[in-house]
Amino acid sequence: MKKFQAIAAAVLAVAPIVAVATPAAAAQPATAKSWSALMYHSLNPSDAVKWRTMLPELRRTVVTSSATATQAARSQATAQAGVTAATGANRIAKKRYATALTAVKKSDAKAGATLKRRTAELTASTVALRTAQTRYRNTTAKLTAASDAWRAATVALRNAEQKIAQAEYDADAAARARKISAQVVTDTRAGFTIDDTTQVYGITVNKTITYAFKHMIDDAARDGVPLSGGGFRTKQRQIELRVINGCPDIWTAPASSCRVPTAIPGRSLHEIGLAIDMTAGGKSINSRESIAFKWLAAHAASYGFVNLPSEPWHWSITGG
């Protein structure tokens with residue numbers, strides 16, 4: 001600790017003396033406003049917004065129609081069992097009636113009463129069979145209607161999801177944001193103050209990138225990739241990191257000469273909140289083979305973020 005304090009003291013002794021001012025937050029540069037608007041539009045095309053608002057109701061309809069179809073299938077199965085039972089009973093009644101009729105023809109003295117009883121049984125069983133068949137036809141029609149409704153609801157939901165996927169990303173708006181990103185950095189650096197930052201899930205970033213960054217974190221989480229990281233840091237903290245990371249010279253040595261690549265103070269996009277050192281599950285993203293890096297490599301550009309090739313964890317609006 002004493003050794004570090006001595007080094008830090010030496011650093012401060014040679015560091016340029018800069019008067020500390022506390023101005024009110026400067027107005028957001030026009031280019032930064034444009035970048036934010038373009039990224040918002042790229043991530044929220046009007047068609048996607050429309051379809052996304054419809055999703056909850058479409059999903060409820062699928063669930064409801066599925067339950068209705070399931071109940072209709074049970075009712076049809078019960079009706080089918082009724083038809084089977086009624087058919088069997090009617091078959092038996094017909095046989096008994098035929099037997100009684102034969103006895104009558106043989107002039108059996110008791111056959112008349114039996115035939116009358118068998119005739120009544122056959123009539124009742126025939127009515128029961130017709131009733132069961134009608135019930136089966138009705139439940140079949142209801143099942144057909146319920147199944148058609150479920151299929152229609154499922155198709156509607158699938159179509160909505162496909163339309164959202166197709167409209168989810170406006171490549172033209174994102175491309176225009178990329179074209180002005182370097183100017184956004186220049187203009188932001190000229191008048192930046194700490195008041196130009198805000199927090200996204202505990203990560204301090206420039207307000208310019210708030211929406212796009214939050215959108216990216218949320219979408220990654222939905223894909224099972226828990227992203228976080230470190231965003232804004234002061235110039236003083238950048239000086240300290242240059243010392244800690246063993247840079248040969250605080251003000252002139254290139255970032256690559258440090259044990260851990262660390263930008264020269266005044267040049268880091270962290271100092272204006274436009275860069276984030278990403279983590280996943282609380283650990284730095286040090287490998288390009290990691291799931292988190294692969295997700296970012298595939299998706300981050302859609303949110304306006306570019307990787308610094310020498311640092312898998314470092315993402316900013318310019319890649320610097």
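**Reading the fold, a pocket and a buried charge**

Modeller: Among contacts in the chain (heavy atoms within 4.5 Å) between residues at least 6 apart in sequence, 68% join residues at least 24 apart. This is a predicted model, where local features need pLDDT of at least 70 and side-chain atom pairs count only at pLDDT 80 or more, while totals for chains, interfaces and linings use all residues. Residues are numbered from 1 along each chain as its sequence is written, and side-chain values use heavy atoms, with hydrogens and water left out.

Colleague: How many helices and strands does the chain have?

Modeller: Helices (H or I, at least four residues) and strands (E, at least two) are DSSP runs, numbered from the N terminus. Here the chain has 8 helices and 7 strands.

Colleague: What share of the residues is buried?

Modeller: Buried means under 20% relative accessible area, exposed over 50%, and partly exposed in between, with a 1.4 Å probe and protein chains only. Of the 320 residues in the chain, 38% are buried. Ser42, in helix 2 (residues 30-43), is buried, with a relative accessible area of 0%. Ser42 and Ser302 are 260 residues apart in sequence, yet their C-alpha atoms are 8.1 Å apart in space.

Colleague: Which residues of helix 7 are buried?

Modeller: An α-helix has 3.6 residues a turn, so residues three or four places apart point the same way. In helix 7, the buried residues are Gln238, Ile239, Leu241, Arg242 and Val243. After helix 7 comes Gly246, with a positive phi near 70°.

Colleague: What is the volume of the second largest pocket?

Modeller: On a 1 Å grid over the protein atoms alone, a pocket is an open set of points where a 1.4 Å probe fits, with protein on both sides within 12 Å along at least five of seven lines; lining residues have an atom within 4 Å of a point. The second largest pocket has a volume of about 360 Å³. It has 22 lining residues, and those closest to its centre are Arg233, Pro261, Thr262, Ala263 and Glu311. Strand 7 gives the most to this lining, with 3 residues.

Colleague: Where does Glu311 lie, and which side chain of opposite charge is nearest?

Modeller: A salt bridge is a side-chain nitrogen of Lys or Arg within 4 Å of a carboxyl oxygen of Asp or Glu. Glu311 lies in strand 7 (residues 311-316). Glu311 is buried but has no salt bridge, and the nearest side chain of opposite charge, Arg233, is 6.6 Å away. Leaving aside neighbours within four places in sequence, Glu311 is in contact with Pro261 and Arg288.

Terms used:
Lys and Arg count as positive and Asp and Glu as negative; His and the chain ends are not counted. Grid points are joined across faces, edges and corners, and a volume is the space filled by probe spheres set on the points.
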